[in-house]
Amino acid sequence: MEQERRRLQQAVALAALIPVATGLYGVLFGQALTGDSVSISAESHFRFLSGLLLGIGVLFWTTVPRIEIRTDRFRILTLLIVIGGLARLAAFALTGLPSLFMIGGLVMELVVTPVLCLWQTRIANRYADAFGVA
């Protein structure tokens, strides 16, 4: 069980690097990430959303040390990411396919993060069975 727990911790730490890095980049450089020129208001909104992404990544990192007992936090963060992914998917349907970078984001949001959440639940359940806690 300990080896699988460590692998999950490593996977989450690595996966969270993506929202932390892209969020920080978006906060610092705004729309430069996409190469698009937008209004000042859209730029401000983009930076705000980048800050949220940065925060979500950092919060995922806070689950790593005791990942076997951070189920509630992990699920809330996963829900936020999946809702964002569904919004991105709706945008695809409404406006067409964006860059491969955005499609990669969709894969992270609707595939990778839910799989990590299921894995975390598995580890948490095994921990609860082993140590008699819920």
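Is S50 buried or exposed? I looked it up: S50 is buried, at a relative accessible area of 7%. For the cut-offs, buried means under 20% relative accessible area, exposed over 50%, and partly exposed in between, with a 1.4 Å probe and protein chains only.

Ground rules before I go on. This is a predicted model, where local features need pLDDT of at least 70, side-chain atom pairs count only at pLDDT 80 or more, and totals for chains, interfaces and linings use all residues. Residues are numbered from 1 along each chain as its sequence is written, and side-chain values use heavy atoms, with hydrogens and water left out.

**S50 surroundings**

S50 sits in helix α2. Helices here are DSSP runs (H or I, at least four residues), numbered from the N terminus. I then asked what S50 touches once neighbours within four places in sequence are set aside, and got G23, G26 and V27. Contact is heavy atoms within 4.5 Å.

**Core**

I checked L8 on its own: leaving out residues up to four places away in sequence, L8 touches I67, L116, W119, Q120 and I123.

**Pocket**

The largest pocket has a volume of about 1,200 Å³. The search runs on a 1 Å grid over the protein atoms alone, and a pocket is an open set of points where a 1.4 Å probe fits, with protein on both sides within 12 Å along at least five of seven lines; lining residues have an atom within 4 Å of a point. Volume is the space filled by probe spheres set on the points, which are joined across faces, edges and corners.

I count 40 lining residues, with L53, R88, M102, G105 and E109 nearest the centre. α1, α2, α3 and α4 each give two or more residues to this lining, and α3 has the largest share at 11 residues. By type, the lining splits into 25 nonpolar, 12 polar and three charged. In that scheme Ala, Val, Leu, Ile, Met, Phe, Trp, Tyr, Cys and Pro are nonpolar, Asp, Glu, Lys and Arg charged, and the others, Gly among them, polar.

**Salt bridges**

How many salt bridges does the structure hold? I get eight, using a side-chain nitrogen of Lys or Arg within 4 Å of a carboxyl oxygen of Asp or Glu.

R122 pairs with E4, closest N and O atoms 2.7 Å apart. R122 is in helix α4 and E4 in helix α1, so this bridge ties together parts 118 residues apart in sequence. R122 is partly exposed at 44%, whereas E4 is buried at 12%.

R47 bridges to E43 at 3.0 Å. These two are four residues apart in helix α2, so about one helical turn separates them. R47 comes out partly exposed at 30% and E43 buried at 18%.

E68 bridges to R66, also with closest N and O atoms 3.0 Å apart. E68 is buried at 7%, while R66 is partly exposed at 36%. Shared partners join E2, R5, R6, R66 and E68 into one salt-bridge network.
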